[in-house]
Amino acid sequence: MNLKIAIQKKGRLSETSLKLLEECGINISNGSRILKATAKNFPIEILFLRDDDIPQYVEQGVVDIGILGENEVLEKDKNIDIISRLGFAACNLCLAIPKDEEYSGISYFEDKKIATSYPKILTKFFQEQNINVQIEEIGGSVEIAPSIGLANAIFDIVSTGSTLLTNGLKQVETVMKSEAVLVAGKNLPEAQKKILDRLLFRIKAVQNSAENKYILLNAPNDKLQEIIDVLPGMKAPTVLPLATAGWSSVHSVIKEDTFWEIIEQLKDLGAEGILVLEIEKMIL
């Protein structure tokens with residue numbers, strides 16, 4: 001019995017999803033044109049689909065789980081659950097207007113026509129704002145809509161903003177932030193749930209390793225407790241005596257986002273020989 005997972009059949013999200021499975025120790029033979037693959041060393045079967053089809057396939061039980069952008073999950077509005085945020089493929093869904101227009105706030109959009117590929121998300125947003133807009137749903141090339149007179153503004157995915165600038169637009173409101181998520185159907189059989197739990201365990205270990213660094217340092221014993229207090233270890237750092245009298249070796253784990261701040265504090269307290277290592281996997 002395999003767990004069936006759908007991922008986007010091409011593009012950056014597909015590549016990153018496959019990389020995640022690889023980092024979870026799952027060996028997949030994926031040719032350039034195949035639409036289905038089975039892992040060699042884990043009970044999982046991968047289907048390569050259009051990202052906007054994945055929510056429907058998960059809801060209908062054609063696949064058990066899927067990896068796709070949160071924006072697609074919300075736009076399709078199917079009866080499925082987000083069970084894990086994956087921390088990659090981050091982007092914003094934003095409102096943009098011609099760069100020469102003066103923006104006075106969200107009321108600017110009253111009675112305006114807005115082109116988008118995400119009408120459900122946009123409709124809900126403006127309903128919550130009590131603003132009336134006319135939504136023009138189009139499948140692609142949203143950025144060109146204002147310049148050809150199709151719409152007054154657009155609502156679309158923005159990563160760097162360079163495409164907006166190229167098309168004479170400027171971002172004025174961020175409606176939502178999106179990232180890759182793992183979704184599942186509502187009624188997974190027990191056998192598939194057990195496999196999913198094994199997969200989630202591996203994903204969490206990969207995520208923990210990406211978020212943390214392993215640190216080793218030499219500490220003067222008279223500053224040892226102060227240095228230990230600075231280190232936010234999982235429980236407590238490992239402390240070993242050095243051959244040099246009055247010194248100890250301290251081993252711990254620190255968060256990536258507080259790394260430099262902590263290193264500076266350790267240096268100020270007299271820590272020496274600080275060594276920082278990547279963590280391949282981290283099981284809590």
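1. Strand 7 (113–116) and strand 9 (153–158) pair in the parallel sense over three bridges. Two strands count as paired if DSSP finds at least two bridges between them; strands are DSSP runs of E with at least two residues, helices are runs of H or I with at least four residues, and both are numbered from the N terminus. Within this pairing, A115 has I154 of strand 9 as its bridge partner.

2. The model is predicted: local features need pLDDT of at least 70, side-chain atom pairs count only at pLDDT 80 or more, and totals for chains, interfaces and linings use all residues. Residues are numbered from 1 along each chain as its sequence is written, and side-chain values use heavy atoms, with hydrogens and water left out.

3. Strand 9 also pairs with strand 6, here in the antiparallel sense and over five bridges. N92 has V158 of strand 9 as its bridge partner. Strand 9 is mostly covered, five of its six residues being buried; buried denotes a relative accessible area under 20%, exposed over 50%, and partly exposed the range in between, with a 1.4 Å probe and protein chains only.

4. Helix 4 (residues 119–129) has P119, I121, L122, F125 and F126 as its buried residues. Viewed down the helix axis, these fall within an arc of 165°, so they line one face of helix 4; the arc is that of the directions from the helix axis to the C-beta atoms. On the other side, K124, Q127 and E128 are exposed. The cover over the buried residues includes helix 3 (70–76), strand 6 (91–98), strand 7, strand 8 (134–137), strand 9 and strand 10 (169–178). After helix 4 comes N130, with a positive phi near 55°.

5. A separate point concerns an open sheet of four strands, which has the order 13-14-12-15 and antiparallel pairing. Strand 13 (238–241) and strand 15 (272–278) are at the edges with a single partner strand each, so one side of each has no neighbour in the sheet. On average, neighbouring strands of this sheet are turned by 20° against each other, direction ignored. Axes are lines fitted to C-alpha atoms, for helices over the stretch in contact, and angles run from 0 to 180 degrees between N-to-C directions.

6. Strand 13 runs antiparallel to strand 14 (residues 247–255), and four bridges join the two. T238 stands opposite H251 of strand 14. Helix 8 (residues 259–268) packs on the sheet and touches strand 12, strand 14 and strand 15, its direction making about 160° with that of strand 15. Helix 6 (residues 190–211) lies across strand 12 (212–220) and strand 14, at about 45° to strand 12.

7. Leaving aside neighbours within four places in sequence, the contacts of K213 (heavy atoms within 4.5 Å) include S252, F259, V276 and E278.

8. The structure holds zero disulfides, a disulfide being a pair of cysteine sulfur atoms within 2.5 Å. For C94, the closest cysteine sulfur is that of C91, at 8.7 Å, too far for a bond. C94 is buried at 1% relative accessible area, and C24 is buried at 5%.
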